[in-house]
Amino acid sequence: MELFDPQGRRLYLTAEEREAFVEAANNAEREVRTFCLVLVYTGCRISEALALTPRSFDFSGRAIVFETLKKRRAGVYRAVPMPQDTLDTIDMVHGLQEGGKRKRKGRAETPLWPWSRTTAFRRVKEVMDAAGIADGPHKCPKGLRHGYGVHAIGSGVPLNMLSKWMGHASLEVTAIYANALGEEQHNIAARMWASA
């Protein structure tokens with residue numbers, strides 16, 4: 001796994017592109033908004049987001065619990081922290097806590113977004129278009145995942161924690177996010193210079 005394609009083009013969204021994506025997502029229809037916010041704030045894979053059900057949300061722990069779908073065996077879960085306001089938005093749009101367990105019982109295992117991967121991909125691309133993100137290999141859901149990793153490293157999240165949140169099998173895979181360019185690289189370097 002790399003952060004650049006064979007032509008040297010980056011495969012991740014920059015901080016500015018991520019901000020523009022969030023702004024555009026907040027202006028999209030409600031279900032598209034929540035789907036996009038889950039992708040940008042958790043770094044999950046598109047298939048992992050599509051597998052989320054009401055039971056996947058831990059409101060008291062302020063996290064979403066994902067089944068890591070890329071593992072060789074089923075039943076491997078990880079909890080990824082979420083901003084409280086984003087969890088509140090998801091709860092409001094999808095009614096996850098309303099009416100208590102009695103109302104939710106029958107739908108606890110129903111996916112929040114009953115879309116195909118193709119439809120989900122298309123929705124994300126529409127939001128990226130609305131955000132004015134330039135065409136390139138980074139303009140896709142995987143670009144959001146990589147952008148999450150780069151942002152986390154730039155924010156000082158330890159590699160072992162990021163590896164857990166992203167569902168990576170090893171720290172070596174997670175370490176690629178330390179190879180960021182542009183503003184992210186400058187932020188990392190500035191932190192190093194400040195401690196010298």
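By salt bridge I mean a side-chain nitrogen of Lys or Arg within 4 Å of a carboxyl oxygen of Asp or Glu. Helices (H or I, at least four residues) and strands (E, at least two) are DSSP runs, numbered from the N terminus.

Before I continue, a word on the source. This is a predicted model, in which local features need pLDDT of at least 70, side-chain atom pairs count only at pLDDT 80 or more, and totals for chains, interfaces and linings use all residues. Residues are numbered from 1 along each chain as its sequence is written, and side-chain values use heavy atoms, with hydrogens and water left out.

Returning to the pair, are Arg78 and Glu48 buried or exposed? Both Arg78 and Glu48 are buried. Here buried means under 20% relative accessible area, exposed means over 50%, and partly exposed is in between (1.4 Å probe, protein chains only). The two residues also belong to a network of salt bridges that links Arg45, Glu48 and Arg78.

In general, side chains of opposite charge can pair when their charged atoms come close. The count of salt bridges in this model comes to eight. Among them is the one between Asp5 and Arg9, at 2.7 Å from N to O. Asp5 counts as buried at 13% relative accessibility, whereas Arg9 is partly exposed at 44%. Another joins Glu17 to Arg10, with the closest N and O atoms 2.8 Å apart. In that pair Glu17 is buried, with a relative accessible area of 12%, and Arg10 is partly exposed, with 24%.

Let me now turn to the chain as a whole. The protein chain has 10 helices and three strands. Along the sequence, they follow the pattern α-α-α-β-β-β-α-α-α-α-α-α-α. Of the 196 residues, 46% are buried. The accessible surface is about 10500 Å², and carbon and sulfur atoms hold 52% of this surface; the areas come from the Shrake-Rupley method with a 1.4 Å probe, and for residues only the protein chains shown count as cover. Among contacts (heavy atoms within 4.5 Å) with a separation of 6 or more, 59% are between residues 24 or more positions apart.

The three strands form an open sheet in the order β1-β2-β3, with antiparallel pairing. The edge strands are β1 (57-58) and β3, each of which pairs on one side only. Two strands pair if DSSP finds at least two bridges between them, and two bridges join β1 to β2. Across these strands, Phe57 stands opposite Ile64 in β2.

Beyond its neighbours within four places in sequence, Phe21 is in contact with residues including Cys36, Val40, Val124 and Leu144.

A loop residue is also worth a look. Leu52 is found in the loop between α3 and β1, and at 1% relative accessibility Leu52 counts as buried. Leaving aside neighbours within four places in sequence, Leu52 is in contact with Val38, Phe57, Ile64 and Trp113, among others. The C-alpha atoms of Leu52 and Pro114 are 9.9 Å apart, although 62 residues separate them along the chain.

After α8 comes Gly167, whose phi is positive, near 75°.
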